[in-house]
Amino acid sequence: MSGQTLTDRIAAAQYSLTGSEVARAVCKATTHEVMAPKKKHLEYLIQATQESNVNIPQMADTLFERAGNASWIVVFKALVTTHHLMVHGNERFIQYLASRNTLFNLSNFLDKTGSHGYDMSTFIRRYSRYLNEKAFAYRQMAFDFGRVKKGADGVMRTMSTDKLLKGMPTLQSQIDALLEFDVHPKDLANGVINAAFLLLFKDLIKLYACYNDGIINLLGKS
């Protein structure tokens, strides 16, 4: 199915009736269309994370609900939307995810509808593990490696030895989980996985910069 399905429209309409524009935008970002979540819906959700009257747990719960869908397209788009908000949204979004006991439970996810479903299910399982690891790292460190200042006076370069010895393994685990996504050019065959790959690639650059700063700091202390 390529376009929005009747199910997509009904889900969006249900949230409109309950007055939750945020939940409606989550539904719009996670339709059955094989394309990346639309920019206008992501921007609306990013802005919503900045508003003090917006219920962040409800927003996250709607994303988790969408990630429980049977379709690989809806699930993958829910993960991409969550990742986008972790990176570009107000920090209280990732703070909330880090405070939860459970996040994405997709280690056994499998969409059996066609060969594409099988292929994409593998990447969904890996991607969800990375996002869980990203939230766990925030819980461990009380900051996001992707957001902190880098370079000579950056967080990892100026960190105390004790915190560095805790931080480096946490950072390594996040990098390992990201690299396990292990995508090849032939796999980048649709807009959804392409959107995930772009977010992961940008994360990796920032994580490596942090790792580099941490190593320089450790060498300086030896």
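Residues are numbered from 1 along each chain as its sequence is written, and side-chain values use heavy atoms, with hydrogens and water left out. As the model is predicted, local features need pLDDT of at least 70 and side-chain atom pairs count only at pLDDT 80 or more, while totals for chains, interfaces and linings use all residues.

Student: Is Thr81 buried or exposed?

Tutor: Thr81 is found in helix α5, residues 72–88; helices (H or I, at least four residues) are DSSP runs numbered from the N terminus. Buried means under 20% relative accessible area, exposed over 50%, and partly exposed in between, with a 1.4 Å probe and protein chains only. Because its relative accessibility is 0%, Thr81 counts as buried.

Student: Which backbone oxygen does the side chain of Thr81 reach?

Tutor: A polar contact is a pair of N or O atoms within 3.5 Å; within protein, one must be able to donate a hydrogen and the other to accept it, and residues adjacent in sequence count only if both atoms are side-chain atoms. At a distance of 2.7 Å, the side chain of Thr81 reaches the backbone oxygen of Lys77.

Student: Which residues does Leu45 contact, leaving aside its neighbours within four places in sequence?

Tutor: Leu45 has its place in helix α3, and it counts as buried because its relative accessibility is 0%. With contact taken as heavy atoms within 4.5 Å, the partners of Leu45 are Val22, Ala25, Val26, Ala29, Met59, Thr81 and Leu85.

Student: Is the crossing of α3 and α5 left-handed or right-handed?

Tutor: At this crossing, Leu42, Leu45, Ile46, Thr49 and Gln50 in α3 meet Thr81, His84, Leu85 and His88 in α5. A crossing is left-handed if the near helix is turned anticlockwise from the far one by less than a right angle, and right-handed if clockwise. The crossing of α3 and α5 is right-handed.

Student: How far apart are the axes of α7 and α9?

Tutor: Residues from both helices meet here: Met120, Phe123, Tyr127, Tyr130 and Lys134 in α7 meet Ile193, Ala196, Leu199, Leu200, Asp203 and Leu207 in α9. The crossing of these two helices is left-handed. They pack at an angle of about 35 degrees, and their axes are apart by 12 Å.

Student: With which side chain does the side chain of His116 make a polar contact?

Tutor: His116 lies in helix α7 and is partly exposed, with a relative accessible area of 33%. Leaving aside neighbours within four places in sequence, His116 is in contact with Trp72, Ala189 and Asn190. The polar contact, at 3.4 Å, joins the side chain of His116 to the side chain of Asn190.

Student: Which residue caps the N-terminal end of α4?

Tutor: In α4, the buried residues include Ile56, Met59 and Leu63. At the N-terminal end of this helix, a side-chain oxygen lies 2.9 Å from the backbone nitrogen of Gln58, and the capping residue is Asn55.

Student: What is the phi of Ala142?

Tutor: Ala142 is found in the loop between α7 and α8, and it is exposed, with a relative accessible area of 59%. Although Ala142 is not a glycine, its phi is positive, at about 65 degrees.

Note on methods. Axes are lines fitted to C-alpha atoms, for helices over the stretch in contact, and angles run from 0 to 180 degrees between N-to-C directions.
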